[in-house]
Amino acid sequence: TNAARYPLPWLSGLGAWLAWMAVDGWLAARRQEWAARRPWLPAAVAVALIGLEVTGLWFYQDLCAREFLLGMIDYQQGSCGAAFDRLDLVGSACELTFSPNVPVAETKCAECSLLRGAADARQAGRFDEAITGYQAYLTVYPGGGLTVHAQDNAAAAYGEWAGALRANADFQAAVDTYEQGRSAYPDAPASERAPELAAETYGEWAARLLQEEQFEQAVAKYETILADYPGTPAGGQAAEQAAGAYAGWATQLREEGRFAQADAK
């Protein structure tokens, strides 16, 4: 009923209801003979009941305030699973606290629901779906409190996707994916190693080509590392590896009797 978003009409109605109960109770008590004989009894019972209600409401408010505080701590740390569970409780069971925390909790839950879906897809290896989910969060909540978290996780999803492609020897797609992640989220911490990993992928690709004696293509990969990733560890080894590929290429040509070409290599 969104009571916490519109507390004034709710509290006004509640106040009128309590006032009417007080009047109605007074009228009913006047009709009771025992009330005339023991005028202190209804007052004592009323005070006891009101005391219990006030105590219960205090614990209720305190519980909801604690859950909201812990949920916001989880939210700020990017732990959307834990944050959602706590803030969802605040947005539902704590509605009648009429606290401004309730609409805030509902908004944060909506944010976290997008990120939870993306995280679940990422964990299941559905990286394209995960990246779409993170991008949806950034589109819907451009100034959200988890913007940096979403960007870093999207960049990490690109890296994991590229790693899976690399493990399946789909080297070109892996390199493209590393570069896409770095291009989309250049400032994300997860993008820092993208050039190094892309260079390693080219190195693995070149090594595979050497095993297949495709020397020209292998040399081209090493030269790409030298041109595009010279500052990476793979870039520091690429010149020597390219020279080795040329030597292997020359040996193959010599064994085939093509001595002039072998001498050129």
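**Helix packing in a predicted model**

**Helix H6**

- Helix H6 runs over residues 127-140, and its 14 residues reach 20 Å from the first C-alpha to the last, which is close to the 20 Å expected at 1.5 Å a residue.
- The buried residues in H6 are Phe 127, Ala 130, Ile 131, Gly 133, Tyr 134, Tyr 137 and Leu 138.
- Viewed down the axis of H6, these buried residues fall within an arc of 155°, and they therefore line one face of the helix.
- An α-helix has 3.6 residues a turn, so residues three or four places apart point the same way.
- The cover over the buried residues of H6 includes helix H3 (40-76), helix H5 (101-123) and helix H7 (147-167).

**Helix H9**

- Helix H9, residues 194-211, has 18 residues and reaches 26 Å between its first C-alpha and its last, close to the 26 Å expected at 1.5 Å a residue.
- Buried residues in H9 include Ala 194, Pro 195, Leu 197, Tyr 202, Trp 205 and Leu 209, and the buried residues of this helix pack against H7, helix H8 (171-184), H10 and H11.
- After H9 comes Glu 213, a residue whose phi is positive, near 60°.

**Helices H10 and H11**

- Two packed helices are described by the angle between their axes and the distance between the axes.
- Helix H10 (residues 215-228) packs with helix H11 (residues 233-255) at an angle of about 160°, and their axes are 8 Å apart.
- Because of that angle, H10 is roughly antiparallel to H11, and H10 passes H11 in a left-handed crossing.
- From H10, the contact is made by Phe 215, Glu 216, Val 219, Tyr 222, Glu 223, Ile 225 and Leu 226, while the residues contributed by H11 include Ala 234, Gly 235, Ala 238, Ala 242, Tyr 246, Trp 249 and Gln 252.

**Ala 247 in H11**

- Ala 247 lies in helix H11, and because its relative accessibility is 41%, it counts as partly exposed.
- Ala 247 and Phe 215 are 32 residues apart in sequence, and from C-alpha to C-alpha they are 9.4 Å apart in space.
- Phe 215 is also one of the H10 residues that make the contact with H11.

Terms used
Residues are numbered from 1 along each chain as its sequence is written. This is a predicted model: local features need pLDDT of at least 70, side-chain atom pairs count only at pLDDT 80 or more; totals for chains, interfaces and linings use all residues. Side-chain values use heavy atoms; hydrogens and water are left out. Helices (H or I, at least four residues) and strands (E, at least two) are DSSP runs, numbered from the N terminus. The expected span of a helix is 1.5 Å times one less than its number of residues. Buried means under 20% relative accessible area, exposed over 50%, partly exposed in between (1.4 Å probe, protein chains only). The arc is that of the directions from the helix axis to the C-beta atoms. Contact means heavy atoms within 4.5 Å. Axes are lines fitted to C-alpha atoms, for helices over the stretch in contact, and angles run from 0 to 180 degrees between N-to-C directions. Angles under 35 degrees count as roughly parallel, over 145 as roughly antiparallel, 65 to 115 as roughly perpendicular and the rest as oblique. A crossing is left-handed if the near helix is turned anticlockwise from the far one by less than a right angle, and right-handed if clockwise.
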